[in-house]
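Try each task before you read its solution.

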Amino acid sequence: MSVVIIGGGQAGLQVADSLRSGGYPEAVTVIADEPGLPYQRPPLSKDYLSPEGSPAPLPLRAASFFADKEITLRSGVRAAAVDRAARAVTLGDGEQVDYRHLVFATGAANRALTCPGADLPGVHLLRTLSDAEALHADLAAARRVVVVGAGFIGLEVAAAARARGCEVTVLEFAPGPMGRALSPVTGAWFAAAHTRAGIRLQFSEGIASLEPGMDGRVGWAVSTTGARYRADLVVAGIGVVPNDALAAAAGLETGNGIVVDAALRTSDPSVLAVGDCASFPSAHTGARIRVESVQNATDQGRHAARTILGAAEPYTDLPWFWSNQGSLRLQIAGISAPGDQLVTSGDPESGKFSVLCFRDGRLAAVESVNSPGEHLGARKLLAAGISPAPEEVAVPGFSLKSLARQAVAAASPA
């Protein structure tokens with residue numbers, strides 16, 4: 001009756017925790033390929049890279065958690081193969097672990113640079129604690145930093161490097177920042193804010209090659225336009241790919257991740273997948289998506305545990321995201337799409353505002369800048385299916401927080 005979880009990140013540990021909270025009595029084993037206690041990844045590109053930061057890991061759970069909950073943690077060992085007929089996982093050291101239910105929480109891996117010079121010393125990716133330690137050490141001596149990619153990770157690193165006094169250039173092949181996640185309105189505001197902070201943003205300009213300096217380390221970044229940028233350090237933040245190879249080798253259906261149904265089961269009902277590696281049918285977009293966020297990892301972890309415990313309801317939790325880029329705080333509720341009607345609430349000149357995204361006249365997503373109260377209000381409204389009218393948002397003094405408070409009060413019994 002055992003459950004085996006492959007992956008020691010947010011999603012995997014949440015499955016284990018929720019199984020025990022739900023009364024699951026049998027063995028639970030977590031297989032984590034990194035050594036030591038599982039840790040939180042979001043701070044690696046934020047707090048740890050700040051001038052005052054230190055890449056000391058922040059555990060996802062205390063060491064006592066595993067003993068207290070009677071959860072076996074196998075850290076520093078990888079899952080090498082899955083035999084679904086025998087219901088067994090073979091580890092890298094040759095040991096075999098049997099399962100009744102198997103959960104893939106394998107996450108995602110950085111998309112690596114493939115240009116000439118990508119293997120030069122001083123070229124960094126950022127995903128693991130060891131990545132953060134290496135980048136933290138190199139940043140201490142760097143004067144000129146080139147970041148490839150203007151997504152969340154790229155801009156978080158760029159802001160941290162600029163706070164250290166570095167000259168920072170960001171190369172982004174797309175015409176604006178964070179294009180996969182943000183509306184053009186909010187993206188343009190962030191571009192202007194980072195430019196005012198002294199970060200050079202080069203849009204519609206990708207990386208063609210990296211060249212060594214006199215010391216053999218990276219010294220130059222050459223863009224797709226032929227421009228050359230001095231660089232003591234280069235960080236690539238060009239997205240991730242789901243870790244679905246092990247699942248595919250086991251004969252499970254994959255496609256931009258491990259394909260699961262609304263209850264997070266794979267094509268084998270005894271096997272589930274959660275978090276960054278899972279491609280699931282979204283109740284909010286009507287399409288199959290894969291979401292890379294702490295919220296999705298933890299909520300899907302809870303849901304997978306309920307599925308194992310016998311529940312059958314679909315996963316419908318609202319997706320939400322955040323990114324701290326220096327002093328700039330971005331929070332997103334829901335998922336926007338090209339063609340959404342965009343209405344701004346608040347004053348962008350003040351540095352505190354929200355952009356509401358309407359689809360077919362209904363609120364679909366909200367992007368909030370330095371406005372945590374509005375973000376929380378947006379989450380409550382979207383989760384409850386409550387939508388203001390677009391023209392209502394344009395009225396001075398409109399507040400998502402106030403509207404959510406009114407909606408909660410109206411729904412409460414007298």
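A nonpolar core is a set of buried Ala, Val, Leu, Ile, Met, Phe, Trp, Tyr and Cys residues joined through side-chain atoms within 4.5 Å. Buried means under 20% relative accessible area, exposed over 50%, partly exposed in between (1.4 Å probe, protein chains only). The model is predicted: local features need pLDDT of at least 70, side-chain atom pairs count only at pLDDT 80 or more, and totals for chains, interfaces and linings use all residues. Residues are numbered from 1 along each chain as its sequence is written, and side-chain values use heavy atoms, with hydrogens and water left out.

**Exercise 1.** Find the residues that touch the most other members of the largest nonpolar core.

*Solution.* Step 1: the largest core holds 87 residues. Step 2: Val89 and Phe104 touch the most other members. Step 3: list contacts of Phe104 (heavy atoms within 4.5 Å), leaving out residues up to four places away in sequence; they include Ile6, Val82, Leu246 and Cys277.

**Exercise 2.** Trace the open sheet with the order 18-20-21.

*Solution.* Step 1: strands are DSSP runs (E, at least two residues), numbered from the N terminus, and helices are H or I runs of at least four. Step 2: the three strands show mixed pairing, where a pair needs at least two DSSP bridges. Step 3: strands 18 (258-259) and 21 (288-289) each have a single partner strand, so one side of each lacks a neighbour in the sheet. Step 4: strand 18 runs parallel to strand 20 (residues 278-281), over two bridges. Ile258 has Ala278 as its bridge partner in strand 20.

**Exercise 3.** Locate the buried residues of helix 3.

*Solution.* Step 1: in helix 3 (residues 129-139), they are Leu129, Ala132, Leu135, His136 and Leu139. Step 2: they fall within an arc of 125° seen down the axis, so they line one face; the arc uses directions from the helix axis to the C-beta atoms. Step 3: they pack against strand 9 (123-124), strand 10 (144-148), helix 4 (152-163) and strand 16 (233-236).
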